[in-house]
Amino acid sequence: MIVGVPVPPVLITDPADERVADFRDLIAGDRKPGTERGTGPVIVEGVPAVQRLLASPYPVRSVFGIPGRVADLQLPDDVPAYEADRWVLSDVIGFRLTRGVLASADRLPPADLDELLAGPDPAAPRRLAVLEGLNDHENIGSIARSAMALGVDGLLLDPTCADPLYRRCVRVSMGHVLSLPIAVLGDWPTDLDRLHGAGYLTVALTPAADAVDLGDVDLAAHPRTAVLLGAEGPGLTDAAKAAARVRARIPMRSGVDSLGVAAAAAVAFATLR
């Protein structure tokens, strides 16, 4: 039997080569000058995350890495693949990459909110995370990773949140953010009423002393639940807390008033499974 020979990656020797333009100067911020926020290619770092990208619905544009690392991915023949020595790779991206490989992908349009709320089975239990004002990319990446691990079915963002597909978010999430449907609640917090209309109990996470214990939320009575998480420090706005149906807190030792938002999210997701 004749087996096809894999196409080897193209060797890049010039850091200015336009074929690797997607990866140029990645330390310049979450987007290149002159481009709108959330419009550039999705950049993915490291073998496990690139493998998750390949299994995701995001169309892969190209893969770029050091010799051997790209070939180890066993890429489909239709994915452009490039390799370079560590010095050329570093010159292109602007820093020394320890994970050895990157990939770029086209963005997908945000998920349709009604479809995300309904899910594959509108009668099935469902959990969502709703983020307000989160502008720390690492926190969003950590929350996405916990969401995938702990049974959350999608992310809803208010209009002020940072780009969940920025390189650092994707890296910290280990690529798991690429498997989560994501939608923006453009009319915030009024759009929470769309969750209520779809049968969700909205739970605003707050350390307030008069909030109910998170463990007391009746999951049997509310198989569809959305937990609201605010930015590190200020937490949820008063308007968001007022729009939610329940305000809940994570019980903690005396003297500790709160957890970081990524840690609080993981505890909440586990509690509300």
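Domain bounds, as I use them here, come from an automatic or database domain assignment.

I am working from a predicted model, where local features need pLDDT of at least 70, side-chain atom pairs count only at pLDDT 80 or more, and totals for chains, interfaces and linings use all residues. Residues are numbered from 1 along each chain as its sequence is written, and side-chain values use heavy atoms, with hydrogens and water left out.

**Domains.** I looked up the assignment and found domain 1 (10-105) and domain 2 (113-272). Their C-alpha centres lie 31 Å apart. To the contact (heavy atoms within 4.5 Å), domain 1 gives 18 residues and domain 2 gives 15 residues. I took buried area as the accessible area (1.4 Å probe) that two parts lose on being put together, summed over both. Between domain 1 and domain 2 this is about 1,400 Å², with 57% from carbon and sulfur atoms.

**Salt bridges.** My rule was a side-chain nitrogen of Lys or Arg within 4 Å of a carboxyl oxygen of Asp or Glu. I found 9 salt bridges in the whole structure, and 1 across the interface of domain 1 and domain 2. I noted glutamate 45 and arginine 167, whose side chains meet at 2.7 Å, N to O. Glutamate 45 is in strand E2 and arginine 167 in helix H6 (residues 167-172), 122 residues apart; helices (H or I, at least four residues) and strands (E, at least two) are DSSP runs, numbered from the N terminus. Both glutamate 45 and arginine 167 are buried, where buried means under 20% relative accessible area, exposed over 50%, and partly exposed in between (1.4 Å probe, protein chains only). Salt bridges with shared partners join Asp22, Arg61 and Asp106 into one network.

I also checked aspartate 17 with arginine 19, where the closest N and O atoms are 2.8 Å apart. Aspartate 17 counts as buried because its relative accessibility is 16%, while arginine 19 is partly exposed at 43%.

**Rings.** I paired rings of Phe, Tyr and Trp (its six-membered ring) with centres within 6.5 Å, calling planes under 30 degrees apart stacked, over 60 edge-to-face and the rest tilted. The count is 1 aromatic pair. Phenylalanine 23 and phenylalanine 64 form this tilted pair, 5.6 Å centre to centre with 40° between the planes. Phenylalanine 23 lies in the loop between strand E1 (10-11) and strand E2 (42-45), phenylalanine 64 in strand E3 (residues 60-65). Both phenylalanine 23 and phenylalanine 64 are buried.
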